[in-house]
Amino acid sequence: MKRIHLISLLALFPFASLFAQVYEPLAPDADTLELDDQRVNDLNSGKAVVEESTVMEMLDMVSSYGMTKDVYLDIDKKAWNKYGFKEDDVPAYDDSVYMQRIQALACETTIPLTFNGHVKSFIELYANRRRQQSSRMLGLSYVYFPMFEEYLSKYNLPLELKYLAMVESALNPIAGSKAGAKGLWQFMRGTGSEYGLKVTSLIDERYYPDKETDAACRYLKSLYVRYEDWFLVLAAYNSGPGTVNRAIIRAGGVKNYWAIWPYLPAETRGYVPAFIAVTYVMNYAPEHNLYPMNPGLLMHGTDTVLVRDRVAFDQINECIGVPMVDLEFFNPQFTKRVVPGSKESPYALRMPTKYTLRFTQLEDSIYSYVSKSEKAREIIEEKVEEVSDSFVHVVKKGESLGSVARKYHVTVAKIKKWNHLKRETLHVGQRLTIYRSGSPMAQVNNKTTKSSAKSAKNNSKATKSAAPKTHTVKKGETLSSISRKYGCTVNDLKKWNNLKGNSVKVGQKLKIKK
């Protein structure tokens with residue numbers, strides 16, 4: 001990329017008073033701090049702050065995040081490129097220009113935006129070193145910023161806090177940090193739970209853009225009540241109130257972010273500078289020859305439906321044609337691509353608006369629809385049963401050959417023979433072949449080896465096994481797991497028990513006719 005250096009015409013005007021207002025070098029205060037010269041120089045230069053921040057990790061992560069393919073946002077680069085830059089131009093400016101622009105932004109918010117060496121380092125990161133990722137964030141801002149602004153307005157918070165999500169996750173809704181934070185606003189599990197974000201095996205509401213944004217706004221508001229200083233709020237959001245409180249004590253009790261800066265963790269030292277820098281770059285993107293990468297489908301082209309039964313994404317996709325990429329993009333909270341809805345606790349599912357009416361019209365059919373993948377599995381299972389009456393048992397912790405034999409009403413000797421075992425010791429995860437009839441089908445069907453007495457006995461057992469049975473649903477069981485247990489299909493279970501949906505409840509009685 002070709003790098004060019006520009007000096008704004010505004011730089012011709014006197015900057016003495018402006019410099020005093022905006023440029024805040026970090027220096028020791030005799031009443032609060034005692035820092036050596038090297039440390040002060042490091043603070044002012046921005047040394048190592050960028051490299052110690054998780055911002056780079058999030059920018060790299062958003063590079064691989066797939067954006068939807070449908071085009072709804074027109075991006076005319078010629079219209080955006082009001083300065084006539086060439087495609088590979090990378091503009092750079094004098095500090096005085098950065099200061100003037102940040103001062104202009106500071107006049108429009110209650111957040112005290114400032115400029116120093118750290119902020120400049122992050123401006124260079126976003127505007128020079130990670131240009132492609134910044135373009136992706138610009139595009140994704142069209143998806144998420146309208147929603148962010150709605151919630152920020154609801155809680156009477158500065159709208160500029162929307163840029164905080166860019167620092168946290170680079171607007172990647174499925175971002176996850178090494179520390180375990182998740183989502184656009186990077187909630188840890190404990191803090192998320194405190195603010196009502198549920199996490200189960202099937203759903204993680206930290207990935208739910210609407211709910212996580214609402215939680216982030218409530219958290220930010222509570223932090224401002226405590227500190228009454230937006231930079232301290234941002235620091236506490238990043239590292240926790242306890243960390244900020246300890247830094248304030250070590251700084252002599254001064255409640256000022258730049259004063260406590262040396263006593264904060266490395267990541268938090270770059271947090272506020274990154275926020276100021278990304279706020280600047282997003283507002284002055286054309287001046288840096290940066291343009292939005294098309295995000296595809298926008299939020300305003302979607303709507304939500306209430307899901308009142310358990311349903312998988314592939315059922316919706318195959319039934320009414322909603323693209324899987326759209327279901328995944330707008331509903332990352334359903335981590336297994338399954339919506340665990342029920343009549344008592346329905347879940348909202350976002351999809352392109354053109355599919356919502358069809359979903360409402362065919363709702364019951366969608367719930368009862370058997371997807372291609374499930375059909376394929378059932379066909380395979382049926383074919384296996386035609387060839388053999390065998391199945392595989394996976395050894396669990398504490399099981400022995402004796403306990404497995406008792407469970408399936410066979411002998412230890414037979415299990416050893418079927419699996420070519422010389423010893424009776426088992427290990428967790430070991431797979432054992434078990435025959436339902438107690439022997440391979442070829443031997444069972446060899447009537448010449450059976451006496452009439454044995455035939456009568458077997459016929460009696462067959463008659464008994466053919467009679468309807470009742471299964472009581474246990475915790476964690478599904479129609480699919482129950483069907484595998486009794487060698488039937490999900491459709492068989494639904495037919496025998498007049499079930500419309502695919503969900504079952506603990507304690508529910510099911511008839512088994514096979």
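Tutor: Contact means heavy atoms within 4.5 Å. Helices are DSSP runs of H or I with at least four residues, strands are E runs of at least two, and both are numbered from the N terminus. Leave out residues up to four places away in sequence, and Ala247 touches Ile260, Tyr263 and Leu264. Ala247 has a relative accessible area of 1%, so the residue counts as buried (under 20%; exposed is over 50%, partly exposed in between, with a 1.4 Å probe and protein chains only). Tyr257 lies ten residues from Ala247 along the chain, and their C-alpha atoms are separated by 9.4 Å.

A word on the basis. This is a predicted model, where local features need pLDDT of at least 70 and side-chain atom pairs count only at pLDDT 80 or more, while totals for chains, interfaces and linings use all residues. Residues are numbered from 1 along each chain as its sequence is written, and side-chain values use heavy atoms, leaving out hydrogens and water.

Now the whole chain. The protein chain holds 27 helices and ten strands. It has 514 residues, and 50% of them count as buried. Take its contacts with a separation of 6 or more: 70% of these join residues 24 or more positions apart.

Next, a residue in a strand. His393 belongs to strand 7, residues 390-394. Its relative accessible area is 3%, so His393 is buried. Beyond four places in sequence, the contacts of His393 are Glu399, Val404, Lys407, Tyr408, Gln430, Arg431, Leu432 and Ile434. With Glu399, the side chain of His393 also makes a polar contact of 2.8 Å (N or O atoms within 3.5 Å, one able to donate a hydrogen and the other to accept it; neighbours in sequence count only through side-chain atoms on both sides).

Lys505 lies in the loop between helix 27 (490-496) and strand 10 (509-512). Its relative accessibility is 54%, so Lys505 is exposed. Apart from residues up to four places away, Lys505 touches Glu344 and Val473. Lys475 is 30 residues from Lys505 along the chain, yet their C-alpha atoms are separated by 8.1 Å. Ser345 is in the loop between strand 5 (338-340) and strand 6 (347-352). At 41% relative accessibility, Ser345 is partly exposed. Asp309 is 36 residues from Ser345 in sequence, with 8.9 Å from C-alpha to C-alpha.

A loop residue can also be buried here. Ala170 is in the loop between helix 9 (164-169) and helix 10 (189-194). Its relative accessible area is 0%, so Ala170 is buried. Check the backbone too: Ala170 is not a glycine, but its phi is positive, about 60°. Gln186 is placed in the loop between helix 9 and helix 10. Phi of Gln186 is also positive, near 55°, and this residue is other than glycine. With a relative accessible area of 9%, Gln186 is buried.

Last, a helix pair. The axes of helix 7 (residues 117-129) and helix 8 (residues 131-154) come within 5 Å and cross at roughly 90°. Tyr126, Ala127, Asn128 and Arg129 of helix 7 make the contact with Arg131, Ser134 and Met137 of helix 8.

Notes
Axes are lines fitted to C-alpha atoms, for helices over the stretch in contact, and angles run from 0 to 180 degrees between N-to-C directions.
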